[in-house]
Amino acid sequence: MFGGGHKVKVSDELYERIVKYAKLAGYSSVDEFVLHALEKQLAQLEEAQSDEDIKEKLKGLGYLG
Amino acid sequence: MTAPRSRHLAIAVLALAVLGVLGVVRQSRRASQVPTVDEALASPAAAQTSGARFDRVIVLGIDGVDHGLLQAWMDEGLLPNFRRLAGMGDFRPLRTSMPPQSPVAWSNFITGMDSGGHGIFDFIHRDPRTLLPFSSMSEVKPPAATIKVLGVKLPSHINLPGSDYLLPLASGTTENLRQGKPFWQTLGEHGVPTVIHRAPVNFPPVEARQGRALSGMGTPDMQGTLGTYAFYTDNPPPGYESFSGGKIFPVDVYHGKVQARLYGPPNDFKDYDRIQRRTGVKVAYQERKASMPFTVYVDDENPVAKVVIDGKEVLVEEGAFSPWVEVDFHLLPMPGIIRWAWHDLIGVTGMVRFYLKSTHPDFGLYVTPVQISPMHPALPISSPEGYAAELAETIGPFYTQGLPEDTKALDRDIFNNDDFMKQAGLVVDDEKRMAQYELERFRNGFLFLYYSVIDQIGHAMWRTMRGEETHPAHHPGVDDPYVNVYVDIYQELDAMVGRALEHVDDRTCLIVMSDHGFSSWRRAFDLNRWLLDHGYLALKPGVAPTSVSYLQGVDWNNTRLYGIGINGLYVNQLGRERYGIVPPGPQKSELLREVAAKLAAVVDPVTGQRPILKVFLNEEIYSGPLAEKGPDAQIGYNRGYRASDECAVGEVTDAVLSDNTRRWSGDHCQDYREVPGVILANIPIRKPDPALTDLAPSILTLFGVPVPEVMKGTPVF
């Protein structure tokens with residue numbers, strides 16, 4: 001389903017929902033919608049990881065003001 | 001964080017009988033072959049191996065004892081017990097690690113190897129794939145998305161229908177990131193019982209046959225951080241939202257009553273995605289933690305308050321710490337009886353002390369970072385697991401967080417000098433009680449006792465010492481009354497050496513050692529700013545240097561070098577870093593040689609001194625399979641200098657050199673030749689230039705145990 005030779009299996013029920021919302025949201029293809037959704041989710045996770053979690057874990061170190 | 005993770009709920013029900021039976025069989029078989037720790041420690045012959053010189057070896061590991069200061073104060077007659085020990089045997093400088101940072105230095109001690117063998121290069125490492133920094137000592141990981149039970153893949157969480165909660169079925173993991181085998185494991189394999197108290201970089205503590213261990217530096221608080229205090233006040237200081245190492249909570253005092261919440265571990269039982277979908281609002285980071293409401297009743301007339309939390313009442317006087325209070329954080333809303341019965345599965349216990357800073361006119365209540373309770377540990381802080389509770393039952397509760405002295409609260413004026421010294425005194429008291437208990441029951445084998453307080457008071461109070469009147473952080477009047485606190489704490493430790501000497505006889509070797517020395521820290525060097533100014537580091541168009549955070553904003557396509565960690569300098573290497581551009585090989589070597597020469601030639605226009613004495617290339621100082629994981633070079637700062645705080649976490653400031661005005665005014669993350677530690681023993685030291693890596697082989701040899709080939713050091717006695 002994705003470029004680059006990597007495939008992901010999804011259930012029929014999930015796939016139907018993906019198709020439905022890809023159309024509703026105006027994406028040109030299911031692939032485009034899925035890639036966008038994944039990128040967005042990853043960016044959120046990466047931001048949370050870098051900004052809050054990492055800062056909080058390191059800043060308890062007295063060496064850093 | 002993890003008691004629930006440390007249990008396997010559903011599979012436990014299925015597997016309990018089988019595993020339980022197996023466990024009993026295994027336990028009973030072991031019990032018949034191997035003596036218990038108590039039996040081994042009590043048996044006069046237990047520690048003897050052929051070729052052993054001593055039945056008992058005691059090491060007092062005192063973080064941060066400086067060779068120059070110790071010598072001077074011994075000469076002045078201020079430290080009679082150190083002097084007595086030196087007179088019985090020897091006293092020498094002890095070569096430290098490069099960089100001389102505690103996790104690196106203690107790992108050298110523990111493994112007998114340098115960083116190339118144990119993999120700890122700095123307090124802060126970076127992931128070359130994400131270019132993000134992380135704590136080098138230990139990691140607490142959440143459970144994986146799926147788990148396998150009898151070969152069947154299952155999700156690691158079950159959604160509780162119609163609710164915002166999840167039920168985790170798998171445990172997360174806690175991982176000690178130090179590699180290499182601690183020498184006391186080798187001792188255990190040769191039948192020598194061991195007791196290891198608060199050794200740094202030993203969380204979770206490694207198991208040793210016939211061994212007890214309590215974890216030390218690197219042990220997180222219940223929030224998974226290296227220590228996050230809370231301060232509740234009706235007059236929050238300016239800029240409090242960005243304070244690090246602590247959270248300031250503005251509160252109202254209404255009719256003498258304050259209502260607030262104490263935040264504990266992240267609550268993994270909540271389905272934040274579902275909450276976000278349902279409400280359309282992202283759940284704030286702070287609100288992802290379990291919390292406990294509490295109420296403070298402030299006395300109208302007297303400087304005293306009553307704290308009511310988790311069904312307990314605690315009276316606190318102004319300027320005094322409360323006793324430890326255990327707090328049960330409930331992660332799932334359950335009726336009382338189920339909550340009680342299932343506490344270990346759906347709740348975690350933490351422990352705090354309250355410090356009433358002031359009642360009038362401003363209200364201020366400090367709460368320690370939420371500690372892992374030694375009575376009910378949510379994470380593995382001891383080995384065997386019950387050892388922490390056994391200690392707490394005998395000597396009372398104690399700090400379990402790795403470095404408990406709250407220098408962060410002092411740095412931000414939440415504590416003044418007096419508050420800080422009171423709090424550090426609590427840590428000294430813990431150390432004394434632990435030492436006394438273990439020394440009195442120690443019969444045979446190896447005993448290690450760690451002391452953090454000289455190091456932490458050195459960092460925090462250096463500015464108050466005689467000779468530091470021109471330190472940028474010295475405030476006459478405020479600091480002058482504390483001029484003797486550092487020598488006083490050396491004298492406290494001298495008394496502890498005296499107590500250990502009472503247990504020394506002709507079958508006992510006593511070693512007192514430190515991991516590094518100390519120096520003033522007056523000027524901060526921003527390596528990333530220097531790299532930016534000299535064209536080695538570039539920023540993306542439109543990015544202001546001071547907006548760079550955690551290396552975000554760096555233009556990696558045009559960056560050849562970057563700094564992260566307190567001493568680390570890295571090449572943006574092709575094939576290793578995510579956006580690497582410098583090929584490994586001659587081009588990289590040439591770049592490093594060039595920058596090393598330039599950095600060592602920098603002169604501080606304010607002092608006329610060189611901030612950097614030498615840049616040590618990786619291959620000069622490290623050997624072993626993990627050397628390539630470390631920085632490409634380590635900066636050897638001059639005495640009085642250190643990397644800026646900002647540079648250490650990948651930020652850029654607006655000046656290469658600046659005054660250090662923090663109360664954290666002493667440091668040792670410098671050129672290792674400038675800050676040697678110490679070694680004293682009741683026997684002669686034969687090696688002319690003893691080093692930290694020599695101690696593990698030395699202790700093994702004292703017990704007649706062969707030294708593993710991987711160890712780099714050699715025996716000193």
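This is a predicted model: local features need pLDDT of at least 70, side-chain atom pairs count only at pLDDT 80 or more; totals for chains, interfaces and linings use all residues.
Biologist: What makes residues of chain B count as in contact with chain A?

Modeller: Two residues are in contact if their C-beta atoms lie within 7 Å. By that rule, 26 residues of chain B are in contact with 13 residues of chain A.

Biologist: Which elements of chain B supply at least two residues each to that side?

Modeller: They are β4 (132-135), α12 (407-411) and α19 (645-648) of chain B. The largest share, four residues, comes from β4(B).

Biologist: Now chain A. What does its secondary structure come to, and what share of its residues is buried?

Modeller: Chain A has two helices and zero strands. A residue is called buried if 20 or more other C-beta atoms lie within 10 Å of its own, and 14% of the 65 residues of chain A count as buried.

Biologist: Back to chain B: how many residues of domain 1 are in contact with domain 2?

Modeller: With contacts defined by C-beta atoms within 7 Å, 26 residues of domain 1 of chain B are in contact with 23 residues of domain 2 of chain B. On the domain 1 side, α11(B) gives the most, with four residues. By class, that side has 15 nonpolar, five polar and six charged residues.

Methods. Residues are numbered from 1 along each chain as its sequence is written. Chains are lettered from A and ligands numbered from 1 in the order in which they are written. A residue is buried if 20 or more other C-beta atoms lie within 10 Å of its own, exposed if 12 or fewer, and partly exposed in between; C-beta atoms are placed from the backbone. Ala, Val, Leu, Ile, Met, Phe, Trp, Tyr, Cys and Pro count as nonpolar, Asp, Glu, Lys and Arg as charged, and the others, Gly among them, as polar.
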